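Colleague: I have a new structure open and I'd like to learn how to read it. Could you take me through it, one feature at a time?

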Amino acid sequence: MALPRAMRFRNRRQLRHLLNAGRRFRTPLGTAVTTPSPRGRGRILFVVSKAVAKKSSARHRIKRQLDAWAMEQVQKFLSQRDIVVFVSPAAAASPDTLQHSLAATLGHLRSEMEKDPNKSLGVRRRAAAPPP
């Protein structure tokens, strides 16, 4: 089952803002980028690349599994944050590994949010190239 519309990103501009302004974490599931939600309701996106699975059907199966587990586990957690997770190949090795990695990732993100829930995570900008 797909995520509800309220839990999905609507366009590239919203996603680009999150990737530029968000804080990155290395987690068992892969790299997670998170930022406070400007809408008051959190959204989540899982990115499964070709490095994880060559066949699109396998990538979509992994994404559907993650979406289903996310709907069960993170309704309360998502009320405050926007999250993008870039899934690593090691985490997607098997369904059990995938589920344990997601649970560990959510635990890691919760602990980071509990440290300072009101913290504006700031903008991470790429360093400008030095003049020639």
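**Contacts, sheet and core**

Modeller: Let's start at one residue: beyond its neighbours within four places in sequence, Ile-62 is in contact with Val-48, Val-52, Ala-92 and Leu-98. Contact here means heavy atoms within 4.5 Å. Before we go on, some ground rules: this is a predicted model, where local features need pLDDT of at least 70 and side-chain atom pairs count only at pLDDT 80 or more, while totals for chains, interfaces and linings use all residues. Residues are numbered from 1 along each chain as its sequence is written, and side-chain values use heavy atoms, with hydrogens and water left out.

Colleague: How many helices and strands are there in the protein chain?

Modeller: Helices (H or I, at least four residues) and strands (E, at least two) are DSSP runs, numbered from the N terminus. This protein chain has three helices and four strands, and along the sequence they follow the pattern α-β-β-β-α-β-α.

Colleague: And in what order do the strands sit in the sheet?

Modeller: Two strands pair if DSSP finds at least two bridges between them. Here the four strands make an open sheet with mixed pairing, in the order β1-β2-β4-β3. β1 (23–27) and β3 (43–47) are at the edges with a single partner strand each, so one side of each has no neighbour in the sheet. On average, neighbouring strands are turned by 20° against each other, direction ignored.

Colleague: What about β2 and β4: how many bridges join them?

Modeller: Seven bridges join β2 (residues 30–36) to β4 (residues 81–87), and the two run antiparallel. Gly-30 has Val-87 as its bridge partner in β4, and Thr-34 stands opposite Ile-83 in β4.

Colleague: Is β2 mostly covered or open?

Modeller: Buried means under 20% relative accessible area, exposed over 50%, and partly exposed in between (1.4 Å probe, protein chains only). β2 is mostly covered, with five of its seven residues buried. For the protein chain, 38% of the 132 residues count as buried.

Colleague: Where does helix α1 lie?

Modeller: For angles, axes are lines fitted to C-alpha atoms, for helices over the stretch in contact, and angles run from 0 to 180 degrees between N-to-C directions. Helix α1 (residues 12–21) lies across β1, β2, β3 and β4, and runs at about 85° to β4.

Colleague: Which residues have the most contacts inside the largest nonpolar core?

Modeller: The general idea is that in soluble globular proteins, nonpolar side chains tend to be buried together. A nonpolar core is a set of buried Ala, Val, Leu, Ile, Met, Phe, Trp, Tyr and Cys residues joined through side-chain atoms within 4.5 Å. The largest one here has 22 residues, and those with the most contacts inside it are Leu-29, Ile-44, Phe-46, Ile-62, Leu-66, Leu-98 and Leu-102. At least two residues of this core come from each of β3, α2 (56–73), β4 and α3 (95–115).

Colleague: What does Pro-95 touch?

Modeller: Not counting residues up to four places away in sequence, Pro-95 touches Gln-65 and Trp-69. Pro-95 lies in helix α3 and is partly exposed, with a relative accessible area of 44%. The C-alpha atoms of Pro-95 and Gln-65 are separated by 8.2 Å, though the two are 30 residues apart along the chain.

Colleague: Last one: which side chains meet in a salt bridge?

Modeller: Side chains of opposite charge can pair when their charged atoms come close. A salt bridge is a side-chain nitrogen of Lys or Arg within 4 Å of a carboxyl oxygen of Asp or Glu. The structure holds one, between the side chains of Arg-43 and Asp-82 (2.7 Å, N to O). The pair links distant parts of the chain, with Arg-43 in strand β3 and Asp-82 in strand β4, 39 residues apart. Arg-43 counts as buried at 2% relative accessibility, and Asp-82 is buried with a relative accessible area of 2%.
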